[in-house]
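Here is a quick walk through the structure you are about to see. Keep it open beside you while you read.

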Amino acid sequence: MEVAERPKDPGLATSLNDFNSTWTLIKEQDYHFTAASGREEIKPDYNPYEHRQVEHPNGYLSAFLHIAKISLGTGILAIPRAFKSAGLVVGFIGTILVGLLCTHAIHILVKASQKVCRKTRTPSLGFADTAEGVFKLGPNALRRHSRFAKIFVEASLFSVHFLACSVYLVFISISLTELFSTHFPIVNTWDIYIFKLIILAPLLICGQVRELKHLVPFSFIANMMLLVTFATTGYYLFSEIDKVDIRERNMVTTFSGIPSFLSTVLFSMEGIGTIMPVENSMVTPSFIGCFGVLNSAMTVIITLYTAIGFFGYYKFGEKTEATITASLPRNQIVAEVAQGAIAIAVFFSFMLVFYVPVDIVWSYIKHRISKSRWNISQIILRCTMILTITGIAIAGGQNLGQLIDLVGAIFLSTLGLFVPAFLDLIVDWDEGWGAYNWRLFKDLVVMAFAIFGLVSGVFCAIQGFIG
C-alpha cells in the first residue's frame, strides 16, 4: 500500500468530512516561504486570490456547506450537557457569545493570513505557516521564534486530534454499553475497558488505510449514521416536550458550572484548525465580510447548537448525560437504533480524525527512513498510536464529560482563541491597533478569556476525574 502524499496542487485543500465540529479530516499543502523583514516587503497590489491555482475551487455555496458539515457532528450531541452545567438562560446567552467569539477569532486569523500572503507574495497559507509568517514579519524579538510558532501550532493540532480519538473511543464504549446492557445484563458487570479492547482489533485493521480517497467510504458511512442519530434523537427530544415543567429546570447554576460549559462548547463548536484549508480552496474573496461564507455558516451553526442545547436540557433536565444519546430511554427500538448508529458513526469518524495526527508525525519522520521501509514503518507507527490512544481511553474510564472538558480547555481555548488573538496583535505591530489602540485591548481581553477557560477548565476536569 502506498503512502499518502500531500496534494501537489498548491492551492488545493483536500478534505474528508466527518460532520464534526472539531474532529474533521482536512489535508493541507505544505507551504514553504521566506519572509524578509521590513515594510518594503508589503505589496499592496498583490492579491492572493488571483494567484491561487486550485484544481477544484470552492464557491460560496460549497464552502458554506463544507463549514456547516464540519461543525454539525458528534460534538453537537454534547451541547445539552453544557446547558446542564450553566442553566437554560446562561447556556442560551453563553452559547451565542462563545459562538460569536469563535467566529471573530476565525476572522482575525484569516485576515492575518491574508496580510502575510500579501507581504510575502504567497497565494495561500495554512494555520501553522500563518503563525510562522506573522512571527517572521513581527517585532525583531519574535522573529527568531518563528519556527517555534509553527511547531507549536502543529503540535497543538496533533494533540487535539490525537486526544479526540481517545474521546471517540470512550464515546463508542458508552454507546455500546447502553445498547447491549438492556438485553444482556452481564454487560453491566464487565470492566469499563472491555468494549475498548473489543474494538481495538478492527481499529488496528482500519487504521492502516492511508490514502485519502480510500477514506471517502468511511466519511459517507459516518455521515449517514449521524443523520440517523440526529433524526431519532430529534424524535425523542420533541416528543411530549409540552409536558415538561420548566420550573424543574435550572435557569442559572453556580459559577462552578461555567468552566465545564465553556470547555464543552469550545470542544463541540470550535473548528479553527479546519478553516484555513477551506479558505485556501476559494479563488474569490467572499470568505469573510458581513455576508461572507464564514458569517453565514456560523449563523446557522450557532443557531442549531443553541437550539439543540436548550431543548436537550429542557427535555431531559438533570438526567442529561455527557452525550444526549445516553439520555434516551432504554428498551425502545428507536432509541437502540440511535445508540447503534452513533457507535458506528463515531467508529468511522475515528479513522478520519486519526489521519491528521498520523500525517503530522509522518511528515517529520519519513525523511529519516529509507523508502524501502516506509510501509513497515507506517504499520508500526499507526499501531503504536492506536494502542496509545486506547491506553488513554482506558485510563479515562467512562469519564466522557471530563475528557471533553480537558481537550476543550487545553487545546481549543489555546488554538481557537489565544493564538489568533496573539497573531492579530503581532501582525499589525508596526501599523498600529486603531484609534486609542482599541484592537490591542480587544485582543488582550480575548487572550485573557482563553487563559481563564484553559485554567478553570483544566481544574474542573481534574476535579471530575478525582471525584
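## A glutamate in helix α6

Glu154 is found in helix α6. (Helices are DSSP runs of H or I with at least four residues, strands are E runs of at least two, and both are numbered from the N terminus.) Before going further: this is a predicted model, where local features need pLDDT of at least 70 and side-chain atom pairs count only at pLDDT 80 or more, while totals for chains, interfaces and linings use all residues. Residues are numbered from 1 along each chain as its sequence is written, and side-chain values use heavy atoms, with hydrogens and water left out.

Back to Glu154, which is buried, with a relative accessible area of 16%. (Buried means under 20% relative accessible area, exposed means over 50%, and partly exposed is in between, using a 1.4 Å probe and protein chains only.) What does Glu154 touch, leaving aside its neighbours within four places in sequence? It is in contact with Ala128, Ile360 and Tyr364, where contact means heavy atoms within 4.5 Å. With Tyr364 there is also a polar contact between the two side chains, at 2.2 Å. (A polar contact is a pair of N or O atoms within 3.5 Å; within protein, one must be able to donate a hydrogen and the other to accept it, and residues adjacent in sequence count only if both atoms are side-chain atoms.) Glu154 and Phe127 are 27 residues apart along the chain, yet their C-alpha atoms are separated by 8.4 Å.

## Helix α4, tucked away

Phe127 brings us to helix α4, which covers residues 127-136. Why is this helix described as largely enclosed by the rest of the structure? Because 10 of its 10 residues are buried. Among them are Phe127, Ala128 and Asp129.

Glu132 counts as buried at 10% relative accessibility, and Lys136 counts as buried at 19%. The two form a salt bridge, with their closest N and O atoms 3.6 Å apart. (A salt bridge is a side-chain nitrogen of Lys or Arg within 4 Å of a carboxyl oxygen of Asp or Glu.) They are four residues apart in helix α4, so about one helical turn separates them. An α-helix has 3.6 residues a turn, so residues three or four places apart point the same way.

Lys150 is found in α6, residues 146-181, and is buried, with a relative accessible area of 5%.

## The nonpolar core

Which residues touch the most other members of the largest nonpolar core? Phe127 and Phe287 do, in a core of 130 residues. The largest share of this core, 18 residues, comes from helix α13 (residues 333-365). (A nonpolar core is a set of buried Ala, Val, Leu, Ile, Met, Phe, Trp, Tyr and Cys residues joined through side-chain atoms within 4.5 Å.)

Not counting residues up to four places away in sequence, Phe287 touches a list of residues including Ile67, Val110, Met282 and Leu294. In soluble globular proteins, nonpolar side chains tend to be buried together.

## Out in the loops

Now for the loop between α9 and α10, where Glu240 has its place. Phi of Glu240 is near 60°, a positive value in a residue other than glycine. Glu240 counts as exposed, at 53% relative accessibility, and its side chain meets that of Lys243 in a salt bridge (3.8 Å, N to O). Lys243 is exposed as well.

Met251 lies in the loop between α9 (216-238) and α10 (258-269) and counts as partly exposed, at 31% relative accessibility. Tyr436 is in another loop, between α15 (400-427) and α16 (438-466). Phi of Tyr436 is near 55°, again a positive value in a residue other than glycine, and Tyr436 counts as exposed at 79% relative accessibility.

One of the pairs is Arg247 with Asp245, at 3.1 Å from N to O. Arg247 counts as exposed at 73% relative accessibility, whereas Asp245 is partly exposed at 24%. Elsewhere, salt bridges that share partners join Lys115, Asp424, Asp428, Arg439, Lys442 and Asp443 into one network.
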